[in-house]
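Reader: I am new to this structure and would like to go through it with you. Could you show it to me before we start?

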Amino acid sequence: MIVARSYTQLGVIQQRRHEFAPAIEAGLHAVEEAKKIENEKSRLSTISHAYLRLGHIYRASGDFTNAIANYNEALAASISEQFLYETHKGKFLAYVGLGDV
């Protein structure tokens with residue numbers, strides 16, 4: 001779980017530096033690592049968070065279609081209401097970016 005969270009945070013740092021390609025790569029690694037977590041609750045929570053952050057990275061890079069896809073993955077993996085508002089808000093903003101609102 002620590003490795004997945006570390007990749008997620010690395011992606012956030014790179015996103016803030018506008019280094020989107022390595023940020024996306026880190027986000028994808030976070031999802032891969034999260035899928036390896038044995039405890040189901042921890043795995044789903046970590047996967048959901050990783051997809052949420054990856055959605056933010058894609059949205060910040062202007063790739064709204066992939067952002068929406070990742071927000072949908074975050075919602076599908078979500079087992080709690082912890083990130084629901086942030087996920088729906090990001091998804092809405094991605095649709096705004098596409099001009100679909």
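This is a predicted model: local features need pLDDT of at least 70, side-chain atom pairs count only at pLDDT 80 or more; totals for chains, interfaces and linings use all residues.

Reader: How many salt bridges does a search of the whole structure find?

Author: The search finds 3 salt bridges. A salt bridge here is a side-chain nitrogen of Lys or Arg within 4 Å of a carboxyl oxygen of Asp or Glu.

Reader: Which side chain does Arg53 pair with?

Author: Arg53 forms a salt bridge with Glu86, and their closest N and O atoms are 2.9 Å apart. Arg53 belongs to helix 3 (residues 40–61) and Glu86 to helix 5 (residues 84–98), so the pair ties together parts that are 33 residues apart in sequence. Helices are DSSP runs (H or I, at least four residues), numbered from the N terminus.

Reader: Is Arg53 buried, exposed or partly exposed?

Author: Arg53 is partly exposed, at 22% relative accessibility, and Glu86 is also partly exposed, at 25%. In these terms, buried means under 20% relative accessible area, exposed means over 50%, and partly exposed lies in between (1.4 Å probe, protein chains only).

Reader: What about Glu33, which side chain does it meet?

Author: The side chain of Glu33 meets that of Lys36 in a salt bridge (3.2 Å, N to O). Glu33 is partly exposed at 24% relative accessibility, whereas Lys36 is exposed at 59%.

Reader: And which side chain meets Arg17?

Author: Arg17 and Glu19 form a salt bridge through their side chains (3.5 Å, N to O). Arg17 counts as exposed at 58% relative accessibility, and Glu19 as partly exposed at 29%.

Reader: Where is His18 found?

Author: His18 is in the loop between helix 1 (2–16) and helix 2 (20–34). His18 has a positive phi of about 60° although it is not a glycine. At 61% relative accessibility, His18 counts as exposed.

Reader: Which residues does Lys91 touch, then?

Author: Leaving aside residues up to four places away in sequence, Lys91 touches Ile68, Tyr71, Asn72 and Leu75, where contact means heavy atoms within 4.5 Å. Lys91 lies in helix 5, and His88 is found in helix 5 as well. His88 is partly exposed, with a relative accessible area of 45%.

Reader: Finally, which residues line the largest cavity?

Author: The lining consists of Ser45, Ser48, Ser78, Ile79, Ser80, Gln82 and Phe83. A cavity is a set of points on a 1 Å grid over the protein atoms alone where a 1.4 Å probe fits but cannot get out, and lining residues have an atom within 4 Å of a point.

How values were computed. Residues are numbered from 1 along each chain as its sequence is written. Side-chain values use heavy atoms; hydrogens and water are left out. Helices (H or I, at least four residues) and strands (E, at least two) are DSSP runs, numbered from the N terminus. On a 1 Å grid over the protein atoms alone, a cavity is a set of points where a 1.4 Å probe fits but cannot get out, and a pocket is an open set with protein on both sides within 12 Å along at least five of seven lines; lining residues have an atom within 4 Å of a point.
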